[in-house]
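Before you take this model into any further calculation, here are some points I noted while reading through it. They are meant to be read with the coordinates open beside the text.

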Amino acid sequence: MADIADRGAFATAAGQIRRGIFGSKTEAGAAGGKATLTWAVHLSVALLVFLWLFPTVGLFVSSFRTADQIASTGWWKALFPAEQNLTIRAAAPETQIEQDGMFVIEGNLFEDGAEAEISVWGISSRAIGAFEPGQTAELRRGGTITVQADGAYRMENADAFEGSRGQRVFVTATTPPEFTLGNYDTVLGKDVARNLIIYAVAALIFFFVLRFIFRTNESPIAGVIPGAGGLVLFVALALVFGLSSGAVEGAQTTDDMAGAFFSTLTVTIPSTIIPIVIAAFAAYALAWMDFPGRALLIAAVVALLVVPLQLALIPLLKLHLGIGIGKGYLGVWLAHTGFGLPLAIYLLRNYMVGLPRDIIECAKVDGATDFQIFVRIILPLSFPALASFAIFQFLWTWNDLLVAKVFLIDATGETTVMTNAIVELLGTRGGNWEILATAAFVSIAVPLLVFFAMQKYLVRGLLAGSVK
Amino acid sequence: MHPALQGLLTIVIGVGGCVGYFYFSNQILDRVIFPARGTNAGRNINRANMVRPWLFLFPAIFALGLYLAYPVFETLRLSVTDRDLGGAFVGFDNYTQMFGEAKFWEALRNNMLWLLIVPAAATGFGLLAAQLTDRISWGNLAKSLIFMPMAISFVGAAVIWKLVYDTRPVEQDQIGVLNAIWLAFEPGFASTLILKLGPVAILACLVVAALSVIGWVVGTIPRMATDFGDWFGSGLKVAVIAVLIGSIGYLMTQMLNIVRWTPPYGEPQTWLTLGLWNNFFLMVVLIWIQTGFAMVILSAALRGIPEETVEAAIVDGANPFQIFFKIKVPQIMGTIVVVWTTITLVVLKIFDIVFAMTNGQWETQVLANYMYDKLFRSFDWGVGSASAMIIMLLVTPILVWNVRNARKEMR
């Protein structure tokens with residue numbers, strides 16, 4: 001989540017709100033009966049959603065188009081059959097055969113399987129629409145050519161065709177929408193996208209089967225089994241059958257993006273888990289232990305929430321270089337841990353304060369130590385808050401560019417993260433939209449998945465106080 | 001070692017280390033230092049309980065201090081020293097040098113533009129979306145979709161919007177939506193209506209809004225005086241009024257410019273190099289991302305409004321617009337302010353979008369990117385730190401306000 005760059009802010013905002021979660025509530029009577037107003041509302045919301053979705057859909061659609069298609073038409077036309085002006089060469093003269101004393105070249109202008117319909121065609125760039133399908137044109141260097149609507153052509157000549165290259169034909173053709181996984185092969189490695197889709201479908205089916213089997217079982221474990229089973233099957237399939245069947249020839253980006261994907265994962269997971277552990281203990285102390293200076297510490301955490309991390313770059317880089325950590329994974333894990341802590345402490349403390357006092361006091365009377373209370377009671381009860389923070393931190397570390405650039409990526413450039421790889425692509429291959437769009441979509445696919453799967457916790461985290 | 005393995009090891013060591021630390025430090029405290037037996041058992045338990053919070057807090061305080069508090073002071077120190085002179089104290093030389101650079105003032109001006117427009121637009125759209133989606137059956141789906149850009153990184157958003165702003169030569173088909181729409185305009189009445197009257201009307205609305213906010217701020221002086229109670233509140237008010245008057249003047253001149261402007265019909269525009277305007281095209285990206293955030297928070301706030309107030313207004317014959325502006329908005333004013341300041345904080349630190357889309361060229365520099373340039377391209381740590389301090393200075397009012405609010409809430 002990009003704007004958790006300002007994570008502090010979430011928390012402060014959250015602190016102000018005490019009620020409400022996603023969910024729709026029709027306003028009794030406010031618009032009562034006014035059909036036109038209701039329609040206006042529906043239309044405005046539809047327009048808003050359309051505007052907000054349109055740019056992302058553009059990227060998504062573009063990632064499934066070939067470089068030529070992207071460069072020749074806008075992506076919004078890709079969804080419909082499009083009329084295109086194409087320049088195609090017929091087969092070279094060396095393929096000619098002799099038939100009844102005539103030299104003949106036959107073939108189809110469109111590559112195998114492409115369904116296109118030619119409306120007009122020509123053999124000169126000055127008159128690209130001179131002929132109808134089925135008509136025959138006289139070639140300048142002798143002979144004739146006939147082109148059919150489906151792209152089949154036949155060139156005939158009394159003498160042999162000469163030259164090394166085939167005849168140029170200009171066609172105006174209506175081509176149906178065409179999509180390809182080729183870009184994903186280039187960016188991730190051959191067949192990776194196809195395999196991922198197959199495994200995901202298999203895992204999803206398995207998930208629904210398991211859910212069906214366990215539909216009547218109400219134990220908490222049964223609730224987790226379908227999700228876990230699907231995930232395990234997915235990972236197992238990927239491990240057993242593998243993902244990639246080699247790189248695409250001539251693709252420069254393959255290693256970079258697949259490598260960057262795993263680097264990003266390597267940066268993200270420890271940076272998400274470690275701050276949670278540290279913050280949970282601190283939040284418990286701030287919420288349920290009485291000691292002098294507690295209020296001051298809470299105020300300090302709130303203040304640190306908004307300190308721009310830009311201030312920390314140089315001093316910490318100096319520190320890391322000075323104590324020998326240097327630039328690398330360890331440095332970036334530590335930095336993310338430090339920067340994530342204020343929000344973690346704030347969110348968790350706010351949540352823990354709201355837990356019922358009785359439980360904790362009962363446990364104390366029964367002789368439980370603070371450590372036991374924390375591990376056995378507070379931690380399990382705080383699961384929703386832990387999940388919210390984990391999602392924030394995951395999205396923020398996954399989407400981060402600045403911290404990775406400063407603390408991770410060294411001069412050799414061997415370790416890079418996806419955001420940085422994309423920025424570099426923007427610089428070096430700013431015009432190669434098929435690569436850019438695909439790389440960008442790969443990098444945003446994981447956050448989007450997390451977002452849609454865990455939206456409940458995300459919103460709950462935003463409204464941190466809502467549980468009270 | 002393979003990085004993934006290293007990562008796994010780090011998780012184990014990090015998590016295990018933390019849990020081990022908490023467990024064993026508690027054990028040592030209870031068994032060795034202050035054992036709860038013998039003659040001093042009672043006193044020892046009390047002592048142990050006095051020390052324990054600090055055991056729980058120590059790792060967090062250490063990390064916060066090292067990674068957030070210490071850098072503030074270290075940056076302050078760096079900003080008044082010179083690296084090339086071996087870290088000698090140079091007073092305000094770095095600041096003077098920075099104030100002499102045109103690029104710095106450009107960055108500051110752009111940051112102010114961002115600051116005026118992005119929070120207002122994102123909060124406005126968010127409020128609109130929250131209010132509208134609350135009343136329809138498929139509101140949840142709509143909310144999810146508007147909220148979605150929040151999950152997308154600034155860099156991903158930059159790529160998405162670069163495609164929207166893409167430019168092709170005039171003889172080719174445009175692949176950027178904005179240019180495709182632009183080329184659909186032809187000289188004529190309809191185009192004039194949309195391209196001139198539309199923007200002028202929007203700017204006029206903004207002027208009216210600014211005037212009414214000035215009126216509101218002036219009107220609340222007595223109340224604000226007790227709320228804030230001191231120089232902080234008064235200073236803030238004066239600053240707000242000054243900024244608003246300045247922006248009204250600016251809006252007026254822009255309205256005049258638009259009326260005089262002859263649109264270059266039929267020419268594809270390179271949107272990101274169009275001096276000054278390109279800033280707005282970059283802002284759109286952040287507004288697109290932040291609207292979802294504003295919508296979610298404001299939607300919850302709207303739902304928190306007591307039903308009775310709305311019902312009473314309906315009984316009194318208020319129309320939907322009156323209900324919204326006179327009943328609902330005043331009740332969620334606190335939340336609106338919080339959302340506004342939250343987005344303001346994001347804007348002050350905005351870096352990735354500018355870095356990925358224009359890298360501060362064509363007059364789109366912002367403070368955070370200026371700082372990055374200074375630190376990691378020209379390796380001028382003094383000036384870089386000085387500009388970081390400027391960002392800190394701009395954040396400080398919000399920091400103070402947040403701490404005050406938090407303290408008020410705790411009481």
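Predicted model: local features only at pLDDT ≥ 70, side-chain atom pairs only at ≥ 80, totals over all residues.

1. Chain A contains 17 helices and eight strands. Of its 468 residues, 43% count as buried. If one takes the contacts in chain A between residues at least 6 apart in sequence, 74% of these join residues at least 24 apart.

2. Five strands of chain A form an open sheet, in which the order is β2-β3-β7-β6-β5 and the pairing is antiparallel. The edges of the sheet are taken by β2 (97–99) and β5 (136–138) of chain A, and because each of them has a single partner strand, one side of each is left without a neighbour in the sheet. On average, and with direction ignored, neighbouring strands of this sheet are turned by 30 degrees against each other.

3. Within that sheet, one pairing can be followed in detail: strand β3 (residues 102–108) and strand β7 (residues 152–157), both of chain A, pair in the antiparallel sense over six bridges.

4. Turning to the two chains together, 110 residues of chain B are in contact with 111 residues of chain A. On the chain B side, helix α2 (residues 41–79) of chain B gives the most, with 19 residues. By class, the side of chain B that touches chain A is made up of 77 nonpolar, 22 polar and 11 charged residues.

5. One helix pair across the two chains deserves a separate look, namely helix α2 (residues 35–62) of chain A and helix α4 (residues 102–133) of chain B, which pack at an angle of about 135 degrees with their axes 10 Å apart. Angles over 145 degrees would count as roughly antiparallel and those from 65 to 115 as roughly perpendicular, and α2(A) and α4(B) are therefore oblique to each other. The crossing in which α2(A) passes α4(B) is left-handed.

6. Which residues of α2(A) and α4(B) meet in this contact? From α2(A) come A:V41, A:S44, A:V45 and A:L48, and they meet B:A129, B:L132 and B:T133 in α4(B). The residues of the contact of α2(A) with α4(B) divide into five nonpolar and two polar, with no charged residue among them.

Definitions and conventions
Residues numbered from 1 in each chain as written. Chains lettered and ligands numbered in written order. Axes fitted to C-alpha atoms, helices over the stretch in contact; angles between N-to-C directions. Helix = DSSP H or I, 4+ residues; strand = E, 2+ residues; numbered from the N terminus. Parallel < 35°, antiparallel > 145°, perpendicular 65-115°, else oblique. Left-handed = near helix turned anticlockwise from the far one by under 90°. Contact = placed C-beta atoms within 7 Å. Nonpolar A, V, L, I, M, F, W, Y, C, P; charged D, E, K, R; others polar. Buried ≥ 20, exposed ≤ 12 C-beta atoms within 10 Å, placed from the backbone. Pairing = 2+ DSSP bridges.
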